[in-house]
Amino acid sequence: MNSSDIKILLVDDEPDIIEIVGYNLRNEGYQVFTANNGQEAIKAAKKNNPHLILLDIMMPEMDGIEACEKIRKISSLENVLISFLTARGEDYSQVAGFEAGADDYITKPIKPKVLVSKVKSLLRRLKTENESVETFTIGDIVIDRDEYVVYKAGTRISLPRKEFELFSLLTSKPGKVFKREVILDTVWGNEVVVGGRTIDVHIRKLREKIGDNHFKTVKGVGYKFVLEGADT
């Protein structure tokens with residue numbers, strides 16, 4: 001996919017951020033759309049169907065956390081990448097961001113070149129049109145890695161990208177205990193500095209959606225995925 005085909009929605013209530021970040025992204029060839037608050041972001045996302053949304057948290061009308069949650073509930077936008085771009089660097093803000101369904105969390109201030117590099121890293125996750133659909137079946141669960149969708153007993157379950165990538169990792173070797181550092185390195189890599197609580201948040205959400213009995217905690221080590229009825 002060429003950069004000229006990629007659409008990015010930039011959401012911030014600060015005109016300087018819109019101007020500077022927008023300029024640098026357009027300079028890379030991306031199509032850039034803008035919004036000034038959460039409500040405008042939802043409308044712009046529905047209209048333009050972006051590949052990536054860069055979303056501030058502290059905004060009037062509707063903040064970024066609420067906007068992210070609402071966007072994640074829109075079926076036509078279920079595969080959009082969402083990264084917060086915010087001055088809120090506290091741990092609890094990052095946890096709230098990931099709980100809302102974000103794929104990444106970038107703190108301001110950030111140098112334009114570094115931001116562009118992070119954007120490129122995020123966009124590498126996008127599937128190309130030439131990639132074939134890849135599915136994986138384990139028990140009564142079907143994992144569609146092309147559509148980022150899980151089917152359990154025929155019921156369709158849509159997962160944000162990070163939840164899906166974590167789920168794919170754990171199910172790649174049922175019964176294997178994945179250490180926390182391995183999970184962080186595989187799922188998050190060097191894209192963003194996250195703490196162990198981030199993993200716990202995503203595991204909790206997977207338990208709610210897939211079933212608590214599938215995910216086992218090994219205290220002080222990490223997590224594993226088990227099939228129903230399997231020895232734990």
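**View A. F178 has Y223 as its bridge partner in strand 12.** This is a predicted model: local features need pLDDT of at least 70, side-chain atom pairs count only at pLDDT 80 or more, and totals for chains, interfaces and linings use all residues. Residues are numbered from 1 along each chain as its sequence is written, and side-chain values use heavy atoms, with hydrogens and water left out. Strand 10 and strand 12 (residues 222-225) are antiparallel and joined by two bridges. Strands here are DSSP runs of E with at least two residues, helices are runs of H or I with at least four, and both are numbered from the N terminus. Two strands count as paired if DSSP finds at least two bridges between them. Strands of a sheet pair through backbone hydrogen bonds, in either a parallel or an antiparallel way.

View B. Buried stands for a relative accessible area under 20%, exposed for over 50%, and partly exposed for values in between (1.4 Å probe, protein chains only).

**View C. Strand 11 and strand 12 make a hairpin.** Four bridges hold this antiparallel pair, and T217 is found opposite Y223 in strand 12. Three residues lie between the two strands, and in the turn G220 has a positive phi of about 80°.

**View D. Strand 6 and strand 7 make a hairpin with two residues between them.** Strand 6 (residues 135-138) runs antiparallel to strand 7 (residues 141-144), with four bridges joining the two. T135 has D144 in strand 7 as its bridge partner. In the turn, G139 takes a positive phi of about 60°.

**View E. Strand 7 is also joined to strand 8 (residues 149-152).** The two strands are antiparallel and share four bridges. V142 is opposite Y151 in strand 8. This hairpin has four residues between its strands, and Y148 has a positive phi near 55°.

**View F. A153 has a positive phi although it is not a glycine.** The phi value is about 50°. A153 sits in the loop between strand 8 and strand 9 (155-158). Is A153 buried or exposed? A153 is exposed, because its relative accessible area is 59%.

**View G. E61 is another residue with a positive phi that is not a glycine.** Its phi is about 70°. The loop that holds E61 runs between strand 3 (52-55) and helix 3 (64-72). E61 has a relative accessible area of 63%, so this residue is exposed.

**View H. The peptide bond from K108 to P109 is cis.** Its omega is near 0°. P109 belongs to the loop between strand 5 (104-107) and helix 5 (112-123).

**View I. V95 is located in helix 4 (residues 91-99).** V95 is buried because its relative accessible area is 9%. Which residues does V95 touch, not counting those up to four places away in sequence? They are R197 and V201; contact means heavy atoms within 4.5 Å. V95 and Y105 are ten residues apart along the chain, and their C-alpha atoms are separated by 9.5 Å.

**View J. N48 lies in helix 2 (residues 38-48).** N48 has a relative accessible area of 16%, so this residue is buried. Leaving aside neighbours within four places in sequence, N48 is in contact with K7 and F33. From N48 to R156 is 108 residues in sequence and 25 Å in space, C-alpha to C-alpha.

**Setting of the views. The protein has eight helices and twelve strands.** The C-alpha trace spans about 55 × 40 × 30 Å along its principal axes. Of the 232 residues, 50% are buried. Among contacts between residues at least 6 apart in sequence, 57% join residues at least 24 apart.
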